[in-house]
Amino acid sequence: MKKWPLLDSNREWLGGDPRIDGTRLSTKGVYKFCAGSDSDAHVKMFQECWPHVTANQIKQAIAFERKRRGT
């Protein structure tokens, strides 16, 4: 996924759904957890549950889902 360097969608791994690279966290799951918002408060709340994920990865996953959904 050249346009989204922090994401991966390998068909042989986890069914090919877009995920945060190096994790099993789907972009759809991140989007739902953060209620579609990439505000600092939502990102911090997500990082409290998954501290190994960077803010940039979270924001890119949300941006990807927004583009995919057309919102």
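Reader: Is Ala-35 buried or exposed, and what cut-offs stand behind such a word?

Author: The idea is to take the relative accessible area of a residue, where buried means under 20%, exposed means over 50% and partly exposed lies in between, with a 1.4 Å probe and protein chains only. In this predicted model, Ala-35 has a relative accessibility of 63% and therefore counts as exposed. For reading any such value, residues are numbered from 1 along each chain as its sequence is written, and side-chain values use heavy atoms, with hydrogens and water left out. Because the model is predicted, local features need pLDDT of at least 70 and side-chain atom pairs count only at pLDDT 80 or more, whereas totals for chains, interfaces and linings use all residues.

Reader: Where does Ala-35 lie, and what is its phi?

Author: Ala-35 lies in the loop between helix 1 and helix 2, the latter spanning 40-49. Its phi is positive, about 55°, although Ala-35 is not a glycine. Along the chain Ala-35 and Pro-51 are 16 residues apart, and their C-alpha atoms are separated by 19 Å.

Reader: How many helices and strands does the protein chain have, and how are they defined?

Author: Both are DSSP runs numbered from the N terminus, a helix being H or I over at least four residues and a strand being E over at least two. The protein chain has 3 helices and 2 strands, and from the N terminus on these elements run β-β-α-α-α. The radius of gyration is 11 Å, close to the 11 Å that the globule rule gives for 71 residues, so the protein chain is as compact as a globular protein of that length. That radius is taken over C-alpha atoms, and the rule is 2.2 Å times the number of residues to the power 0.38. Along the principal axes, the C-alpha atoms fill a box of roughly 35 × 30 × 20 Å.

Reader: What share of the residues is buried, and what share of the contacts joins residues 24 or more positions apart?

Author: Buried residues make up 35% of the 71 residues in the protein chain. A contact means heavy atoms within 4.5 Å, and among contacts with a separation of 6 or more, residues 24 or more positions apart account for 48%.

Reader: Which residues does Tyr-31 touch, and where is Tyr-31 found?

Author: Tyr-31 is found in helix 1, residues 27-33, and is buried, with a relative accessible area of 14%. Not counting residues up to four places away in sequence, Tyr-31 touches Gly-36, Ile-62, Glu-65, Arg-66, Arg-69 and Thr-71. Tyr-31 and Phe-64 are 33 residues apart in sequence, while their C-alpha atoms are 9.1 Å apart in space. Lys-28 also lies in helix 1, but at 42% relative accessibility Lys-28 counts as partly exposed. With residues up to four places away in sequence again left out, Lys-28 touches Glu-65 and Arg-69. The C-alpha atoms of Lys-28 and Ile-58, 30 residues apart along the chain, are separated by 11 Å.

Reader: Where is Val-53 found, and what does Val-53 touch?

Author: Val-53 is found in the loop between helix 2 and helix 3, the latter covering 55-69. Although in a loop, Val-53 is buried, with a relative accessible area of 1%. Apart from residues up to four places away in sequence, Val-53 touches Ile-20, Thr-23, Leu-25, Phe-46, Gln-47 and Ile-58. Val-53 and Val-43 are 10 residues apart in sequence, with 9.8 Å between them in space, C-alpha to C-alpha.
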